[in-house]
Amino acid sequence: MNSPKVPFVPLCLSFAALFPVLSNAEINKAETVAPDVYFHEGDLAGHGHCNNGWVIFDDYVLVIDGNFPSGAQEIIPKIRAITNKPIRFAFDTHHHGDHAYGNQVWVENGATPIAHTGVIEEMKKYETGYYGNKPGRWEEAAKTRKDVAASKLKPPTLLFRRDMIFDDGKRRVELLHFGVAHTHGDGFAWLPKEKILFTGDACVNGPYNYMGDGDSGQWIKTLEAAKKLGAQVICPGHGPKGGADVLDDQIAYFVELRKEVKKLAKKKPAEVKAAVETIKANLQKNPQVARYVGDFLAAQVEKVYVEMGGKPFQSAQARIEQQNEHAHSHGHVLARQHSSGQSSPNGHSH
Ligand SMILES: [Zn+2]
């Protein structure tokens, strides 16, 4: 988890398998959030897709999140059914495959991928194949995802450091960066008039927090800064959209998780690992955060414990990595091996 090495897990697939029962009637439907502002909850369980948004300006369409290639292909006809204005920009909220691997599809449809500069830094770290070194996450995902294999990695080419503003006098969208959260390059899309905030995976609505590429302490601060915007509608990276409480609940989850781990910060790794079920029970008792508790909990506890100075639960991680490698070499989908409570240490693309 603290290792920068290239992932083993072809995510998306494994992620999908972890949440087979969470689909609901809302997914794969374009929802009007405000005039010219749309939200689309992706099919996470079936295809590993992230949520998308799009905003129709006078002269063009701005899309929020690149999704996987198949996710981009899913929503392009839905945008086309609403408007024939050109799709000019696709904003990646962060570098993960389910938010950025569809960039090439957007480029082929005339759009330029945009992101915070941290997204490029993260891609240089994890997408080593693209930058001329050994195969990275994209190549790993291409082994098990046909849509990825049929496309190519296209890092964002239009970058911002703090903000980027789209404003045609009627619609205004501010792309904002508040610091480290889910990754080191999280961007938010803020619509000040409508008080709608698209958060990417810095805020999700359900048990979808992958914490391997971020920092839980800074994450809370970043979300507190985003909260000051005063959003009334939260469109998360995964899970259904909701009100301001979604942001509050996401913050509360990390606060409570850190409190639980802090009690054990001086304990040995094996003791912390053994306490995961107790932590789970404690968090599930709290109605504000219970829905965030899921199959990633052991990995989340480990991540926070490592942030607080502890050591990873080595043996479990090593075992899972070996299983993954083994399954890979035989061409199997790995996902099911992760349903026992340990998530992949560094391959997860959410
Ligand atoms: Zn995601």
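Which residues does Asp215 touch, not counting residues up to four places away in sequence? Asp215 touches Val180 and Glu307, where contact means that two C-beta atoms, placed from the backbone, lie within 7 Å. The model is a predicted one: local features need pLDDT of at least 70, side-chain atom pairs count only at pLDDT 80 or more, and totals for chains, interfaces and linings use all residues. Residues are numbered from 1 along each chain as its sequence is written.

The protein has 14 helices and 13 strands. Helices (H or I, at least four residues) and strands (E, at least two) are DSSP runs, numbered from the N terminus. Of the 350 residues, 50% count as buried. A residue is buried if 20 or more other C-beta atoms lie within 10 Å of its own, exposed if 12 or fewer, and partly exposed in between; the C-beta atoms are placed from the backbone. Among contacts with a separation of 6 or more, 70% come from residues 24 or more positions apart.

Asp215 sits in the loop between β11 and α9. With 19 other C-beta atoms within 10 Å, Asp215 is partly exposed. Asp215 and Val180 are 35 residues apart in sequence. In space, their C-alpha atoms are 6.8 Å apart.

Helix α9 covers residues 216–227, 12 residues in total. From first C-alpha to last, α9 reaches 16 Å, close to the 16 Å expected at 1.5 Å a residue. The expected span is 1.5 Å times one less than the number of residues. The buried residues of α9 are Ser216, Trp219, Thr222, Leu223 and Ala226. Seen down the axis of α9, these residues fall within an arc of 110°, so they line one face of the helix. The arc is taken from the directions from the helix axis to the C-beta atoms. An α-helix has 3.6 residues a turn, so residues three or four places apart point the same way.

The crossing of α10 and α12 is right-handed. A crossing is left-handed if the near helix is turned anticlockwise from the far one by less than a right angle, and right-handed if clockwise. Glu256, Leu257 and Glu260 of α10 meet Ile279, Asn282 and Leu283 of α12. By class, this contact has 3 nonpolar, 1 polar and 2 charged residues. Ala, Val, Leu, Ile, Met, Phe, Trp, Tyr, Cys and Pro count as nonpolar, Asp, Glu, Lys and Arg as charged, and the others, Gly among them, as polar.

Other loop residues were also examined. Lys195 lies in the loop between β10 and β11. Its phi is positive, about 55°, although Lys195 is not a glycine. Lys195 counts as partly exposed because 14 C-beta neighbours lie inside 10 Å. Asp36 is found in the loop between β1 (30–34) and β2 (37–40). Phi of Asp36 is also positive, near 70°, in a residue other than glycine. Asp36 has 18 C-beta neighbours inside 10 Å, so Asp36 counts as partly exposed.

Asn84 is placed in the loop between α3 (69–80) and β5 (87–91). Asn84 is exposed, with 8 other C-beta atoms within 10 Å. Asn84 and Val61 are 23 residues apart in sequence and 9.2 Å apart in space, C-alpha to C-alpha.
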